[in-house]
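Colleague: Before I rely on the labels attached to this chain, I would like to hear how each one was reached. Could you set the values beside the cut-offs for me?

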Amino acid sequence: MNQNIPQDQELPPQNPTANEEIITNEKDENQVVDETVISSETENISNDADDDFRQQISEFETQLATANKEIAKLKDGFLRAKAEVENVRRIAGEENLKAKKFAVENFAKDLLAAKDSLEAALNAKEQTIENFYNGVDLILKQLNAAFEKNNLLEVNPINQEKFNPNYHQAIQMVPSAEVAKDCVISVLQKGYLIADRVLRPAMVIVSAGNPEGTSQEPNQQN
């Protein structure tokens, strides 16, 4: 059954202060909820960032460990190679000293036969010119054989060879109508090479050319 409120009946007065308190409480509650949500989201973001940072650090540590292993491997290889090079250099030095020592030893041994022949010639009681000549010739052959065996070669520019300052030493230059200019006229002392190195240049007399102006073609060294 509906009850009609009389129009002339006044409603009880409302308290404005109480309404404001209710609205304020609602706002405070909403703000607390928002702050809680924001705090939770911030914490989640912070946790995700920490996880990513830890993962990056872990990856960097793994890469660093791999790089350190590679560095150690390269260092070990370098030290091994260095030791091997030093060992090869030491062995090569020893072999070089041995080669020089035995080269001199072998050359000296080859000269002993010539020395023995000289002593035998001097100790001979009866000596003829022919025997003396044959003895000297034998000694010369023994010396030549020893020189050839040890790569000691003569420098003997014959047949009007072209003067070569690398192997010849000019003692004198004289005019010549028979020998072309700058060619060897005669050899005063033979030169010698040892392993392509000049041990002693040949001492020669060189043609200054024909004083009358005619020219000769020089012979080239073979």
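Colleague: Why is S117 called buried?

Modeller: S117 has a relative accessibility of 16%, and buried means under 20% relative accessible area, with exposed over 50% and partly exposed in between (1.4 Å probe, protein chains only), so S117 counts as buried. This is a predicted model, in which local features need pLDDT of at least 70 and side-chain atom pairs count only at pLDDT 80 or more, while totals for chains, interfaces and linings use all residues. Residues are numbered from 1 along each chain as its sequence is written, and side-chain values use heavy atoms, with hydrogens and water left out.

Colleague: Where does S117 sit, and what is it in contact with?

Modeller: S117 belongs to helix α1, residues 16-123; helices (H or I, at least four residues) and strands (E, at least two) are DSSP runs, numbered from the N terminus. Apart from its neighbours within four places in sequence, S117 is in contact (heavy atoms within 4.5 Å) with L138, I139 and Q142.

Colleague: What makes F107 and F147 an aromatic pair, and why is it called tilted?

Modeller: Rings of Phe, Tyr and Trp (its six-membered ring) pair if their centres lie within 6.5 Å, and planes under 30 degrees apart count as stacked, over 60 as edge-to-face and the rest as tilted. The centres of F107 and F147 are 6.1 Å apart, with 40° between the planes, and the pair is tilted. F107 lies in helix α1 and F147 in helix α2 (residues 129-149), so the pair ties together parts that are 40 residues apart in sequence.

Colleague: How do you know that the pair of F147 and Y192 is edge-to-face?

Modeller: Its planes stand at 80° and its centres are 5.9 Å apart, which gives an edge-to-face pair. This pair links distant parts of the chain, as F147 is in helix α2 and Y192 in strand β4 (residues 191-194), 45 residues apart. Y192 counts as buried as well, at 18% relative accessibility, and F107, F147 and Y192 form one aromatic cluster.

Colleague: What makes β4 and β5 a strand pair?

Modeller: Two strands pair if DSSP finds at least two bridges between them, and 3 bridges join β4 to strand β5 (residues 197-200), the two running antiparallel. L193 stands opposite V198 in β5. The two strands form a hairpin with 2 residues between them, and A195 in the turn has a positive phi of about 55°.

Colleague: Which residues make up the largest nonpolar core?

Modeller: A nonpolar core is a set of buried Ala, Val, Leu, Ile, Met, Phe, Trp, Tyr and Cys residues joined through side-chain atoms within 4.5 Å, and the largest one holds 6 residues: V155, V184, L193, A202, V204 and V206. Strand β6 (residues 202-207) gives the largest share of this core, 3 residues. Among the contacts of V155, leaving aside neighbours within four places in sequence, are Y192, L193 and A202.

Colleague: How many of the chain's residues are buried, as a percentage?

Modeller: Buried residues make up 12% of the 222 residues in the chain.
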